[in-house]
Structure formats: structure tokens, C-alpha cells
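Here is a friendly walk through a protein and DNA assembly, written for someone who likes to know the cut-offs. Have the viewer open as you read.

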2 protein chains.
Amino acid sequence: MAGEAKKRAESRVQLSRQRVLAAAVSMADNHGLETLSMRGLARELGAGAMSLYYHVASKDDLLDAMIDVVFGEIDLPPTDCDWKAAIRQRALSARHVLARHPWAIGLMESRANPGPANVRHHEAVLATLRQAGFSVVMATHAYWILDSYLYGFALQETSLPFATPEELAEMTSDVYLPQIPADEYPYLNEAATDLIEAGYDHTSEFAFGLDLILDALEGLRPSV
Amino acid sequence: MAGEAKKRAESRVQLSRQRVLAAAVSMADNHGLETLSMRGLARELGAGAMSLYYHVASKDDLLDAMIDVVFGEIDLPPTDCDWKAAIRQRALSARHVLARHPWAIGLMESRANPGPANVRHHEAVLATLRQAGFSVVMATHAYWILDSYLYGFALQETSLPFATPEELAEMTSDVYLPQIPADEYPYLNEAATDLIEAGYDHTSEFAFGLDLILDALEGLRPSV
DNA sequence: CGCCGTTTCGTACGCCGTACGTGGTACGCT
DNA sequence: AGCGTACCACGTACGGCGTACGAAACGGCG
């Protein structure tokens with residue numbers, strides 16, 4: 001009957017693991033991981049708190065699954081180009097994804113159960129390195145360096161309270177500079193004033209270090 | 001009188017910000033940050049939960065202060081040697097400190113209020129780089145790369161479930177290898193088997209990448 | 001219609017951080 | 001000696017958390 005169908009429709013779309021995951025990621029993106037609660041998530045979905053537990057074993061399980069969603073968003077290194085270009089693209093993609101989901105950074109490598117997207121991703125990156133000629137040991141070195149740089153950069157980036165050079169200049173002169181008087185902290189003070197004067201733009205900072213590392217790794221590759 | 005003094009002594013040592021901080025750091029070291037609660041901390045100190053709030057404005061304030069304790073444990077770069085050796089030593093020291101206080105990694109750069117030890121540390125590192133001849137902009141690049149590598153490495157390191165090559169071998173063959181069959185994940189499988197066969201030792205992994213980065217940075221220094 | 005597997009939910013327990021108010025203690029002042 | 005004041009410790013209570021447990025609603029089948 002129309003009544004039944006309507007009632008069904010009114011009482012919300014069915015829950016599903018997909019929908020729960022998507023809502024959780026979205027809430028974490030918008031309001032931070034620490035404010036993501038099962039109750040709040042359920043409220044957002046128009047459901048009771050305990051209803052989530054049919055689709056998710058626990059909050060930990062939810063977090064693991066969220067991490068795998070994030071891994072799934074990172075581009076795999078392309079296979080049709082130079083190893084450096086491939087790894088570079090993968091790193092840039094990962095950086096963007098982590099900037100979009102800053103709550104994930106501390107969890108990506110620290111959770112016990114890697115999801116399928118996670119494993120697939122690691123396999124693809126490792127394949128790129130091995131096919132570039134790196135030995136297993138050298139590929140391990142390279143992977144550690146690249147991922148350390150990637151995660152560390154993303155981690156630091158989340159704490160930046162600005163996005164544009166203008167905001168940086170404003171923040172610095174209003175908040176930071178008063179805290180670092182030139183007589184006590186000459187170098188910090190000098191750096192802060194110089195950088196805003198030069199209109200320091202943070203946008204290309206990641207690529208700068210990434211290329212430095214890639215070039216250094218190139219030197220470790222066995223010459224053909 | 002003796003009676004008074006004894007009563008005073010029995011009713012516990014006085015609380016103090018120092019004691020609260022030390023106990024909090026110790027508890028986080030031993031049981032993780034997520035299980036550190038104000039109630040538990042007070043219990044550990046033989047005090048009531050609310051007593052802590054005289055010495056600490058809030059749990060956030062406590063965390064900020066804990067971070068500064070950690071910063072205070074990191075060696076400043078020595079001033080009596082080569083810039084590379086100085087930066088290297090401070091990085092190694094920081095790595096050890098972060099391994100001792102893994103809970104701190106996600107917080108060090110992400111909290112709003114840097115403490116005094118934090119600022120002093122940044123000043124000293126920046127001073128070393130500037131005195132080595134790097135321009136302000138280049139020193140900024142170098143700092144980003146070095147700290148990204150440092151934090152990222154420490155972050156990944158916390159998730160390693162092993163400390164020695166033997167443990168690695170055990171973990172890998174028992175837990176990981178079954179999850180990455182050779183037909184589906186050839187490179188991961190190969191890497192895992194090769195590394196345990198070669199008795200891969202993770203101990204020097206950090207220094208390897210650090211030296212690679214330092215050497216690459218050397219190339220960016222203005223030639224005298 | 002009754003049955004049953006799937007999905008949803010209400011209640012309750014033991015945690016958490018902390019606002020608020022109270023009470024004890026140490027010490028400088030008269 | 002007596003008292004005011006600043007310092008310090010604490011008990012209670014509130015609203016939130018994750019989730020164990022069991023009941024209820026629903027959909028499709030006979």
C-alpha cells in the first residue's frame with residue numbers, strides 16, 4: 001500500500017556499511033575525529049545508536065574501515081611512465097588525500113589490521129620500485145624514506161593555521177612575532193619577518209622535498 | 001611536634017604541577033595516551049580527581065605541558081661541530097625521545113600553544129642551519145624535510161610490532177605472509193621472504209634515510 | 001496466516017572530563 | 001593569641017561516551 005511504502009520511505013533509507021562509513025568519514029572531515037561518536041554518527045544518519053552495530057563490529061572496526069576508505073582514494077603509481085614520475089604522482093595524490101582527511105594521518109600506519117586497499121596500495125608502490133631496478137633491501141629503504149616524509153609532512157601540515165601567503169603574514173605578525181622577540185630568538189624572528197616579506201608560499205614546499213629525496217634515491221639505483 | 005609532622009607526611013606528598021606532569025608522562029609511556037584519564041592519574045598520585053585541577057587548567061593544558069616535557073628531553077644540536085653532525089645528533093636524539101614517548105608524536109606539531117622548550121628547540125635548530133650558510137628560505141626547506149622525515153619515521157615506527165630481526169621473522173612468517181599470497185601480491189611476498197631470509201635489521205633504517213637527506217641538503221648549501 | 005532471518009532500537013552499566021561549592025591548612029597581620 | 005586570607009584538596013553531580021544485552025519491527029517465504 002501507499003501508506004506502507006511512504007512510512008518505509010519516511011523511516012529513512014536503509015542503513016548499510018557503505019552509508020555508515022561514508023557518513024563517518026564525512027563527519028571526521030568536517031568536525032574532527034575526536035568529536036566523532038557513535039551516537040552522533042547515528043543521529044546524522046537518522047538512526048538509533050545501536051543500529052550501527054549491525055553493520056560495524058565496534059568503533060575500532062569502524063576506524064579500520066575508514067582508514068581503508070582513505071587508502072582507496074590515493075592514486076596508485078601509474079605504470080606507464082618513469083619510476084620517479086610514478087612515485088611522485090602517488091606521493092602528491094597521497095598528500096592531497098591526507099590533507100582532505102587529516103584525522104587519518106595518525107592512524108594509517110598504526111592500526112593493526114590493514115585493509116584490502118591498504119595492501120593493494122603497498123604492493124603497487126613496491127612493484128614500481130622493484131621494476132625501477134631497486135633491490136629488495138634498497139626498495140625498503142626507499143619506501144621508508146618516502147613514506148616517512150609523506151606522513152610527517154602531512155602531519156605537520158595539519159597544524160598550519162593558514163592556507164595562503166596572506167593568511168600566513170597575518171597570523172605571523174599578529175600572533176607569532178610577539179612571542180619571539182628578536183633579542184631572545186633572533187633566528188626565529190628573522191625567519192618569520194623575512195618569510196612574510198618575501199611572500200613565502202607554502203604550496204610547493206612538499207614537492208621541493210619530494211624531488212630532493214627522489215633525486216637522491218636515483219643515485220642509489222643500480223646504473224644500467 | 002612529631003605528631004604534626006607525621007600526619008603531614010602520611011597525608012601524601014604535596015601535589016605539584018611537576019609531580020602531576022611527571023606522573024602523566026609516565027602513565028602515557030606505560031599504558032598509552034588513550035587510557036590516560038584524569039581520574040586514573042589522580043588515583044596514581046593518591047589524590048582525588050579534582051585535586052589535579054588546581055595545578056592544571058584542563059586536560060588540554062595537561063597535554064600541552066606534557067608535550068613540552070618531551071621537547072625538553074631532545075638534545076639541542078651541538079654548536080661545536082659540523083652542521084651535518086649537529087643536525088644529525090639532534091635528529092637521532094629526537095628519534096629516541098619519540099620512541100620513548102610514542103604518544104607524543106601526533107601532538108608535537110599539532111597543538112596550538114607551543115611551550116618554551118619547543119620554541120627554544122626550534123630556535124637552536126634554525127640557528128644551526130643559518131650558521132651553516134643556508135638562506136632563510138633554504139633553511140625553511142631543510143627544516144620541513146628533516147622534521148617531516150623525523151616525525152613520519154617515528155610515526156611509522158610506533159606501529160612496528162617487533163624490535164629485533166628475530167621477532168620480525170617470527171611475526172612475518174606467522175602473521176603477514178599468510179595474508180599476502182605470492183600469486184596475488186608477488187612483490188610484497190618476495191620482499192617479506194627476502195627480508196627475513198637476509199635477517200633484515202631495522203636498527204639503522206633511520207640513519208640511512210637521515211644521511212641521504214643530509215647529503216642531498218649539503219648539495220644545496222652555497223659553496224664557499 | 002505463521003514463521004524466520006534480517007535489521008533496528010531502548011535500556012542500562014561503567015567509564016570519561018569537569019563545573020561548582022565546600023572544607024581544611026599555612027601564614028602574615030594585628 | 002586570634003583572625004583573615006590565600007592556597008590547596010576534594011565530593012558531588014551532569015552530560016557525554018562505547019557497547020552488552022535483549023526485545024521489537026520488518027520482509028519474504030511457506
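## Around DNA strand C

A residue is near a strand here if its C-beta atom, placed from the backbone, lies within 6 Å of it. Helices are DSSP runs of H or I with at least four residues, strands are runs of E with at least two, and both are numbered from the N terminus.

Sorted by class, the surface near DNA strand C holds seven nonpolar, six polar and four charged residues. Nonpolar covers Ala, Val, Leu, Ile, Met, Phe, Trp, Tyr, Cys and Pro; charged covers Asp, Glu, Lys and Arg; the others, Gly among them, count as polar.

A word on conventions: residues are numbered from 1 along each chain as its sequence is written, while chains are lettered from A and ligands numbered from 1 in the order in which they are written. Because the model is predicted, local features need pLDDT of at least 70 and side-chain atom pairs count only at pLDDT 80 or more, whereas totals for chains, interfaces and linings use all residues.

## Around DNA strand D

DNA strand D is surrounded by 18 residues, and the closest are Leu15(B), Ala47(B), Gly48(B), Met50(B) and Ser51(B). From chain A, α3 (38-44) and α4 (59-73) each supply at least two residues of this surface; α3(A) gives the most, with three residues. The surface near DNA strand D has seven nonpolar, seven polar and four charged residues.

## How the two chains meet

Chain A superposes on chain B by a rotation of 180° with 0.0 Å of shift along its axis, at an RMSD of 0.1 Å. The two copies are thus related as by a two-fold rotation axis. Within chain A, the C-alpha atom of Gly152(A) comes closest to the axis, at 1.9 Å.

How many residues of chain A are in contact with chain B? There are 42, and they meet 42 residues of chain B, where contact means C-beta atoms, placed from the backbone, within 7 Å. On the chain A side, α7 (116-131), α8 (136-157), α10 (186-197) and α11 (205-218) each supply at least two residues, and α8(A) brings the largest share, 15 residues. By class, this side has 23 nonpolar, eleven polar and eight charged residues.

α8(A) is mostly covered, with 17 of its 22 residues buried. Buried means 20 or more other C-beta atoms within 10 Å of a residue's own, exposed means 12 or fewer, and partly exposed lies in between, with C-beta atoms placed from the backbone.

Helix α2 (residues 17-31) of chain B reaches 21 Å from its first C-alpha to its last, close to the 21 Å expected for its 15 residues at 1.5 Å a residue; the expected span is 1.5 Å times one less than the number of residues. Its buried residues are Val20(B), Ala24(B), Val25(B) and Ala28(B). They cover an arc of only 130° around the axis, which puts them on the same side of α2(B); the arc is that of the directions from the helix axis to the C-beta atoms. The face turned away from the buried side of α2(B) carries the exposed residues Gln18(B) and Asn30(B).

Methods
Least-squares fit on C-alpha atoms with pLDDT ≥ 70 in both. Contact = placed C-beta atoms within 7 Å.
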